[in-house]
Amino acid sequence: MSRFSLLLGGDLTVTPRLRAQLAGSRVLAADSGIAHAAALGLEPELWVGDFDSSDAELQALMARVPRESFPPEKDSTDGELAVDLALARGATELVLVGAFGGPRADHASLHMTMALRLSEAGTKVLLTSGDQEGVPLPVGSHRFDYAEQTLFSVLGFTDLTVSITGARWPLDHRAVPFGSSLTLSNFVSGSLSVELHSGRALLVAHPRD
């Protein structure tokens, strides 16, 4: 496995769990996401983007990091460019750091749908802001290591059929219409397992670090 951590421009809370998830990975930064590098004690091997979200002070501070510049008028976000470059460098696993929150709700939404697309193509993906993380759920069974009482939701991007065990509110082959809140705001109770029988979904959890 070749794991790359991509620093994006969303929110970040540095936790021991997050540090463990990043350990040993190669690091790329997308535009303003490089602001997270100092808090994490990381130095990216490449800084990509159009740099319209990085002020002069940040650019001077990170001047030693190699850059790949793109014009502002382009067909991809800086985060998607970073994903493409990581895949071109051999990434088989991606950690999208700062994937949630931030000033752009459209970017956070893109990160979730992009993670589903990447997962379906065979790339393992974790989205995280430290205090919140997301994991795509391909059809099949998935087990998680979250502690008791961890808050989690299964976000459906289509109609779903899903089973959930090890939760306060389990489900057994339950049909969940697209747009339903049925699988939101559950809590771990035991060893959490989610089996997606049909549909496209992503698990979002708030780890108790």
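Trainee: Which residue does Glu133 form a salt bridge with?
Mentor: Glu133 pairs with Arg17, and the closest N and O atoms are 3.0 Å apart. Keep in mind that this is a predicted model.

Trainee: Where do the two sit in the chain?
Mentor: Glu133 is in strand S7 (residues 133-137) and Arg17 is in helix H1 (residues 16-22).

Trainee: Is Glu133 buried or exposed?
Mentor: Buried, with a relative accessible area of 2%.

Trainee: OK, and what does Asp145 form a salt bridge with?
Mentor: Arg17 again: the closest N and O atoms in the Asp145 pair are 3.2 Å apart.

Trainee: Is Asp145 buried or exposed?
Mentor: Exposed; its relative accessible area is 60%.

Trainee: How many salt bridges does the structure hold?
Mentor: There are 7. One of them is between Arg200 and Glu120, with the closest N and O atoms 2.8 Å apart.

Trainee: Where are Arg200 and Glu120?
Mentor: Arg200 is in the loop between strand S12 (186-198) and strand S13 (201-206), and Glu120 is in helix H5 (residues 105-120). That pair also links distant parts of the chain, 80 residues apart. Arg200 is partly exposed, at 37% relative accessible area.

Trainee: Which residues do shared partners join into one network?
Mentor: Arg17, Glu133 and Asp145.

Trainee: Changing topic to strands. Which residues of S3 are on each side?
Mentor: S3 covers residues 46-49, with Leu46 and Val48 on one side and Trp47 and Gly49 on the other. All four are buried, so both faces of the strand are covered.

Trainee: What does S3 pair with?
Mentor: Strand S2 (residues 26-30) pairs with S3 in the parallel sense over 3 bridges. S3 also runs parallel to strand S4 (residues 67-69), joined by 3 bridges.

Trainee: Which residue stands opposite Trp47?
Mentor: Ala29. Over in S4, Ser69 is the bridge partner of Gly49.

Key: Residues are numbered from 1 along each chain as its sequence is written. This is a predicted model: local features need pLDDT of at least 70, side-chain atom pairs count only at pLDDT 80 or more; totals for chains, interfaces and linings use all residues. Side-chain values use heavy atoms; hydrogens and water are left out. Buried means under 20% relative accessible area, exposed over 50%, partly exposed in between (1.4 Å probe, protein chains only). Two strands pair if DSSP finds at least two bridges between them. A salt bridge is a side-chain nitrogen of Lys or Arg within 4 Å of a carboxyl oxygen of Asp or Glu.
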